[in-house]
Amino acid sequence: MAKKNQKGGGRQPLEHIAPRQGQVIKNTGSSYLVRLDDGEMADCRIKGNFRIKGIRTTNPVAVGDRVEISLRDADTRYITSILPRRNYIIRRASNLSKESHILASNLDQAILVVSVTDPVTPTTFIDRFLATAEAYNVPARLVINKADLWDEDMMEYARALEYLYSSLGYPTLRVSANDGRGLDTLRDWTRDCISLMAGNSGVGKSSLINRLAPDACLRIGAISDQHHTGMHTTTFSEMVDLPYGGQLIDIPGVRGFGVIDFEPDEVSHFFPEIFRIGRQCKYDNCRHTGEQGCAVIPAVEESLIAQSRYASYLSILEEAMETAASDKYRKAF
């Protein structure tokens with residue numbers, strides 16, 4: 001009979017195999033595809049108790065996360081921990097039993113795709129996305145798609161959006177996934193970096209990604225004739241490799257964008273023009289809702305701050321105040 005290797009040779013027990021690190025590149029809800037640092041692709045799951053380790057989101061693991069994985073049995077790999085995130089984009093979950101949903105993490109930038117027809121992207125949606133990007137330290141850009149479909153009124157509105165947001169410091173680009181206009185610039189924007197591409201359903205996000213990465217072959221949906229809104233085609237989040245270098249993270253289209261973890265006194269910090277002019281207010285804690293000596297309201301009246309931006313600010317402020325009041329009541333009991 002052969003002797004056992006007294007020097008520790010042979011196959012190691014699974015629990016003694018060192019964890020490996022990689023990046024999550026796909027999240028289907030029930031499983032995760034992780035690109036390990038050596039290039040290997042690993043299908044992974046998470047243990048049920050992973051969700052109670054202080055992670056209060058609908059998706060404890062997001063595309064873009066750096067993770068550690070381990071082998072728990074001969075066939076199954078598990079994500080055992082998430083490495084510290086340098087940033088992320090998050091929104092209030094539509095499922096009220098949860099608190100939030102992380103769209104993607106560890107981003108170089110977030111690109112919001114919008115349209116001015118079929119469907120029309122509300123400025124409130126744009127402002128909420130940009131405010132969240134400000135709050136979580138993600139540089140943001142704006143892409144206005146479907147330029148080939150615009151009549152004169154739509155063109156004028158697109159130009160107004162471009163002027164407004166570019167003047168606030170958000171690079172803005174008019175493009176068409178159909179005829180290719182603007183795509184060379186969009187390639188330059190996305191080259192050699194990790195970008196989240198987000199937007200309402202139906203704005204043409206998947207069509208743009210297919211133009212930038214033809215091998216992606218993302219599904220493209222139709223527009224509802226009745227409501228002129230998009231129908232979901234992307235059903236899970238995925239990181240797509242770009243042929244010219246870099247990655248795009250594609251996520252399911254979102255119909256609303258609820259902010260989360262905004263303190264009432266901090267909301268103005270995430271609107272650059274309101275924060276800048278707000279420094280001139282008489283009181284440091286001015287919330288710009290009619291206080292004496294407020295500098296913001298006169299600026300709105302004089303069109304130094306866009307009415308649409310101020311309306312978005314007020315809607316987020318109201319949510320933040322309601323949340324703060326609810327938290328205070330809950331703590332009292």
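Helices here are DSSP runs of H or I, at least four residues long, numbered from the N terminus. With that naming, α1 is followed by Asn-137, whose phi is positive, near 60°. Bear in mind that this is a predicted model.

Next, its surroundings. Buried means under 20% relative accessible area. Ten of the 13 residues of α1 are buried, so the helix is largely enclosed by the rest of the structure. Among the buried ones are Phe-125, Ile-126, Phe-129 and Leu-130, but also Asp-127 and Arg-128.

Now the largest nonpolar core, which has 46 residues. Ile-79, Ile-89, Phe-129, Tyr-165, Leu-196 and Ile-249 have the most contacts inside it. Helix α1, residues 123-135, gives the largest share of this core, five residues. Apart from it lies another core, of 26 residues, including Phe-262 and Val-300.

Tyr-165 is worth a look on screen. Leaving aside neighbours within four places in sequence, Tyr-165 contacts Thr-123, Ile-126, Asp-127 and Leu-130, among others, and also Arg-309.

Last, His-288. This residue is in the loop between α5 (272-278) and α6 (296-301). Is His-288 buried or exposed? Its relative accessibility is 3%, so it counts as buried. Beyond its neighbours within four places in sequence, His-288 is in contact with residues including Cys-281, Cys-294, Tyr-310 and Tyr-313.

How values were computed. Residues are numbered from 1 along each chain as its sequence is written. This is a predicted model: local features need pLDDT of at least 70, side-chain atom pairs count only at pLDDT 80 or more; totals for chains, interfaces and linings use all residues. Side-chain values use heavy atoms; hydrogens and water are left out. A nonpolar core is a set of buried Ala, Val, Leu, Ile, Met, Phe, Trp, Tyr and Cys residues joined through side-chain atoms within 4.5 Å. Buried means under 20% relative accessible area, exposed over 50%, partly exposed in between (1.4 Å probe, protein chains only). Helices (H or I, at least four residues) and strands (E, at least two) are DSSP runs, numbered from the N terminus. Contact means heavy atoms within 4.5 Å.
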